[in-house]
Amino acid sequence: MLIELNAKRKGIKYLPFEQDGETYNLYDMPKGFVIEGDLDLINIGLTELPDLSEVVVKGGFYCSYNQLTSLEGAPQKVDGDFYCNSNQLTSLEGAPKEIGEYFICFDNQLTSLVGLPLMKESMKIYCDDSLGNKYGFSDTCNDGVPYEQLCASPVYKSETAMNRVRSKLPQENIETKPVSTKQQEKAETKTKQQEAFERINAEFSQWLKDNSAKPTRE
């Protein structure tokens, strides 16, 4: 096939996908492409996802039973369910920005649900019971937890706030003004990082005070 030969010429992987009589390579999808139905990548030996970060899936997205350690490359938006259970995920970084229905992530190595997509309030997250217990919920593997209730969990709110703080911290290789010696440059960089950390830490402390009252949950 021409598309497969083209993938070889480009030196990229080939994973065919058909829509409307046309064949596409999931490792070389056009930007802004819309997949009109489901995308099934279950149990095909994936160790990483194709880069679908600028693709929209109108149906569900299924990548269960692979060896994924990251969701980097996941579609930008999924209108249906998102199944990523039974992989080796340690975080939800790279998940879609938004999904329309359920998010299923049990049987992984997750220690946090930070990074979840934006969801409708009534839609549920299905995760390992040990992870659900951390947020104050039981039997989340079978029954799930509504997105609205998870977002009201004090632990989840605290984790999400801390994640925002971390994202604001300067990078290690922060740019500094030219100085005469490497030692002065290092000292100046350290001072800027310390000032930024102290400022953000103060913001986080204020956030904790403002959100110290625990919400009630039915």
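User: Quick one on Ser86: buried or exposed?
Analyst: Buried. Ser86 has a relative accessible area of 9%, and since buried means under 20%, that value qualifies. Keep in mind that this is a predicted model.

User: Where is Ser86, in terms of strands?
Analyst: Ser86 lies in the loop that runs between strand E8 (82-83) and strand E9 (98-99).

User: OK, and which side chains make polar contacts with the Ser86 side chain?
Analyst: Asn85 is one of them, at 3.2 Å. The side chain of Asp107 makes a polar contact with that of Ser86 too, at 3.0 Å.

User: What else is Ser86 in contact with, leaving aside neighbours within four places in sequence?
Analyst: With those set aside, Ser86 touches Ser64, Tyr65 and Asn66, plus Phe106, Asp107 and Asn108.

User: Switching to the sheet. What's the strand order?
Analyst: The order is E4-E6-E8-E10-E11-E12, in an open sheet of six strands with mixed pairing. Strands E4 (39-40) and E12 (145-146) are at the edges; each has a single partner strand, so one side of each lacks a neighbour in the sheet.

User: And how do E6 and E8 pair?
Analyst: In the parallel sense, over two bridges, with E6 covering residues 61-62. Tyr62 sits opposite Tyr83 in E8.

User: Last topic, the largest nonpolar core. Which residues have the most contacts inside it?
Analyst: Phe103, Leu113 and Ile125, in a core of 41 residues.

User: What does Phe103 touch, again skipping neighbours within four places in sequence?
Analyst: Its contacts include Leu71, Phe82, Cys84, Leu92, Met119 and Ile125. Lys124 and Pro117 are also among them.

Technical notes: Residues numbered from 1 in each chain as written. Predicted model: local features only at pLDDT ≥ 70, side-chain atom pairs only at ≥ 80, totals over all residues. Heavy atoms only, no water. Helix = DSSP H or I, 4+ residues; strand = E, 2+ residues; numbered from the N terminus. Buried < 20%, exposed > 50% of the residue type's maximum accessible area, 1.4 Å probe, protein only. Polar contact = N/O pair within 3.5 Å; in protein donor to acceptor, adjacent residues only side chain to side chain. Contact = heavy atoms within 4.5 Å. Core = buried A, V, L, I, M, F, W, Y, C linked by side-chain atoms within 4.5 Å. Pairing = 2+ DSSP bridges.
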